[in-house]
Amino acid sequence: MKNLPKVELHLHLEGAAPPAFIRGLAKEKNIDISEIFDENGGYKYRDFNHFLSVYEAACTTLTGPEEFYRLTKAVLEESTEQGVIYGETFLSPDFCGGGDLTAWREYMAAIKEAADASATAGGTILRGIVTPIRHFGPEAAKPAAMCAAETVGDFITGFGIAGAEDAGEPRDFAYVFDMAREAGLELTAHAGEWRGPDHIRDTLRDLKVSRLGHGVRAAEDPALVEELAESGVMLEVCPGSNVFLGVYEKLTDHPINMFVEKGVKVSVSTDDPPFFHTTMTREYEDLASTFGWDEERFQNVNIDSMQAAFCDAATREAMIKKLKET
Ligand SMILES: [Zn+2]
């Protein structure tokens, strides 16, 4: 499974930070965040909201573009190791310069430098999706959307929203999604992880996204499942994350296989892998052993993922060709 070529569309850059990397940075900078680690050196937290605050504490070590260059390099080395040929990562102006455009450009240049180096070396090809943090509110999302609109290009290709799903309604963020759409960015939004089908419908109506981060709770409404299959809206599914955070008790309860059977497009991702003690290879192994997914199923899921990827036509074609060769 490790060598099978993979496409990963749902990964938070800071959430992919290896704990040893964050511990090393904290030591370099004399920042005491020892309380976020357990005795084995992994991240430690009680529940989803505590996870968000541990995540934000880990981010305090990422103080400048240089740290993000090193982070991106470390994350891409791991992605390449996991067989990921193409990936997209969420990037938040809130963690990269606090919404200041000049600072944001410097962070993006550093991150893109690491991404370009990975691509040149034959490793994972990476694109960036700019995501304001929902629980910081719609006003804070405006400078983030401005940063996204000003840096749209061959690296920044998408716009989304992450953070606590119960903070506000999708319509509160329609303005920033309209801005991003007008700037030429493709759109996704976290929805249907902690809230149910109504929230997914509101998100699709008000934010007009082509993909949903998670979206798994659509499973509770058969009519919505049918609509998703018809519209081709892709669900960025992160099974290990969902089980770890208790959206589902165990993988056998997870609806990913039902979605595939009903014709809903899905992709497979890790979300925040070290936080959820997972890797892309582990996700694939678990899907194979739980639902009997074989290489052909994974190949189809990955081709679908590339069809929904936020990239140029040449990259899409090259990646699909690579997937079909294996
Ligand atoms: Zn996520």
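View 1. A residue is buried if 20 or more other C-beta atoms lie within 10 Å of its own, exposed if 12 or fewer, and partly exposed in between, with C-beta atoms placed from the backbone. The C-alpha atoms of Arg70 and Ile111 are separated by 8.4 Å, although the two residues are 41 apart along the chain. This is a predicted model: local features need pLDDT of at least 70, side-chain atom pairs count only at pLDDT 80 or more, and totals for chains, interfaces and linings use all residues. Residues are numbered from 1 along each chain as its sequence is written.

**View 2. Helices α3 and α4 cross at roughly 30°.** Helix α3 spans residues 65-81 and helix α4 residues 101-120. Helices (H or I, at least four residues) and strands (E, at least two) are DSSP runs, numbered from the N terminus. The two helix axes come within 8 Å. Axes are lines fitted to C-alpha atoms, for helices over the stretch in contact, and angles run from 0 to 180 degrees between N-to-C directions.

**View 3. Residues from both helices make the contact of α3 with α4.** Among them are Phe68, Tyr69 and Leu76 of α3, and Tyr107, Ala110 and Ile111 of α4. Two residues are in contact if their C-beta atoms, placed from the backbone, lie within 7 Å. By class, the contact has 10 nonpolar, three polar and four charged residues. Ala, Val, Leu, Ile, Met, Phe, Trp, Tyr, Cys and Pro count as nonpolar, Asp, Glu, Lys and Arg as charged, and the others, Gly among them, as polar.

**View 4. Eight strands form an open sheet with parallel pairing.** The order is β1-β2-β3-β4-β5-β6-β7-β8. Strands β1 (6-8) and β8 (266-268) are the edges, each pairing on one side only. Neighbouring strands are turned by 25° against each other on average, direction ignored. Two strands pair if DSSP finds at least two bridges between them. Three bridges join β7 (residues 234-237) to β8. There, Glu236 has Ser267 as its bridge partner.

**View 5. Strand β5 is largely enclosed by the rest of the structure.** Five of its six residues (186-191) are buried. Two bridges join β4 (residues 156-159) to β5, where Leu187 partners Phe159. Four bridges join β5 to β6 (residues 211-214), where His214 partners Ala191.
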